[in-house]
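Notebook open, structure loaded. I'll jot down what I look up as I go.

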Amino acid sequence: MKKRAIHVLFTVVFTSSVLMLVVGSCTDEDDDPSADREARNREVVTRLINEGLNNKNSDIALELAAPNFVDGDAFPDQPAGSEGLRFHFDVINNAIPDLHVTFSLVVEGNTVVEEWTGTGNLVIDFATSDRLPSPIPITQNGITVFELNDEGLITERRTFQRGEQ
């Protein structure tokens with residue numbers, strides 16, 4: 001029941017964000033001072049995913065995340081702050097070295113909602129950190145909600161939908 005409630009909550013947040021974006025796009029963005037902020041926030045999250053996961057550059061986390069960044073889905077023993085986000089990317093990139101993430105974004109103010117699909121071959125078991133005897137093809141879908149401020153990314157929360165495995 002709890003998983004269903006979380007899924008419904010994220011679906012409502014995502015759908016509401018899409019509707020606000022569509023309604024907001026009907027106004028003149030030249031008169032909207034938040035348009036520049038939203039474009040910057042879109043660029044930050046796009047760079048984070050493309051460079052950090054698709055191009056395996058986990059150091060991008062140090063550039064884009066605020067020092068007090070909070071990861072809502074931290075791994076055990078993950079450090080705090082931007083170092084923690086870099087650690088998170090390192091774990092993922094080592095476990096799925098050929099990971100490719102496709103995504104779409106909805107931006108509203110300082111909130112960016114990312115709907116994503118990641119595909120690749122799992123070579124390290126996340127639970128045990130052991131190398132697997134042979135790669136396992138995986139597809140994982142999810143939604144991530146990012147919050148940003150002038151320092152960069154400040155929080156991220158994600159929900160997963162189990163895909164093919």
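Predicted model: local features only at pLDDT ≥ 70, side-chain atom pairs only at ≥ 80, totals over all residues.

Is Leu-99 buried or exposed? I looked it up: Leu-99 has 8% relative accessibility and counts as buried.

**Entry: around Leu-99**

I placed Leu-99 in the loop between H4 and E2. Next I listed what Leu-99 touches, leaving aside neighbours within four places in sequence: Leu-53, Asn-54, Lys-56, Ile-92, Gly-118, Thr-119 and Gly-120. I also checked a C-alpha distance, and Leu-99 and Asn-121 came out 7.1 Å apart in space while being 22 residues apart in sequence.

**Entry: two asparagines in a row**

Asn-54 was on that contact list, so I followed it up, taking 17% relative accessibility as buried because the cut-off is under 20%. I found Asn-54 in helix H2. Its side chain makes a polar contact of 3.2 Å with the side chain of Asn-50. With neighbours within four places in sequence set aside, I get Ile-49, Leu-99, His-100 and Val-101 as the contacts of Asn-54.

Then I moved on to Asn-55. Is Asn-55 buried or exposed? It is exposed, at a relative accessible area of 54%. I see Asn-55 in the loop between H2 and H3. I noted one C-alpha separation here as well: 9.4 Å between Asn-55 and Asn-93, which are 38 residues apart along the chain.

**Entry: helix H4**

Asn-93 sent me to H4, where I find Asn-93 among the buried residues.

**Entry: the core**

Which residues touch the most other members of the largest nonpolar core? I have Val-45, Leu-48, Leu-85, Phe-146 and Leu-153, out of 29 residues in that core. I then checked which elements supply at least two residues each: helices H2 (34–54), H3 (60–64) and H4 (81–95), along with strands E1 (65–71), E2 (100–108), E3 (111–124) and E4 (131–149). A reminder to myself: nonpolar side chains tend to be buried together in soluble globular proteins.

Not counting residues up to four places away in sequence, Leu-85 touches Leu-48, Ala-61, Ala-65, Phe-69, Gln-78, Leu-153 and Glu-156. Two of those partners, Leu-48 and Leu-153, were already on my list of core residues touching the most other members.

**Entry: the E2–E3 hairpin**

I looked at how E2 and E3 go together: they pair in the antiparallel sense over 9 bridges. For one of them I noted the partner, with Leu-105 bridged to Glu-114 in E3. The hairpin has 2 residues between the strands, and Gly-109 there takes a positive phi near 65°.

**Entry: aromatic pairs**

How many aromatic pairs are there? I count 2. One is Phe-75 with Phe-126, ring centres 5.9 Å apart and planes at 15°, so I wrote it down as stacked. This pair links distant parts of the chain, 51 residues apart, with Phe-75 in the loop between E1 and H4 and Phe-126 in the loop between E3 and E4. I have Phe-75 as partly exposed, at 22% relative accessible area, and Phe-126 as partly exposed too, at 38%.

Trp-116 and Phe-160 make an edge-to-face pair, 5.8 Å centre to centre with 80° between the planes. Here too distant parts of the chain are linked: Trp-116 is in strand E3 and Phe-160 in strand E5 (residues 152–162), 44 residues apart. Trp-116 is buried, with a relative accessible area of 11%, whereas Phe-160 is partly exposed at 44%.

**Entry: positive phi outside glycine**

Asp-77 has a positive phi of about 65° although it is not a glycine. I located Asp-77 in the loop between E1 and H4, and at 76% relative accessibility Asp-77 is exposed.

Ser-129 is another non-glycine with a positive phi, near 65°. Ser-129 lies in the loop between E3 and E4 and is exposed, with a relative accessible area of 58%.

How values were computed: Residues numbered from 1 in each chain as written. Heavy atoms only, no water. Core = buried A, V, L, I, M, F, W, Y, C linked by side-chain atoms within 4.5 Å. Buried < 20%, exposed > 50% of the residue type's maximum accessible area, 1.4 Å probe, protein only. Helix = DSSP H or I, 4+ residues; strand = E, 2+ residues; numbered from the N terminus. Contact = heavy atoms within 4.5 Å. Polar contact = N/O pair within 3.5 Å; in protein donor to acceptor, adjacent residues only side chain to side chain. Pairing = 2+ DSSP bridges. Phe/Tyr/Trp six-rings, centres within 6.5 Å; stacked < 30°, edge-to-face > 60°.
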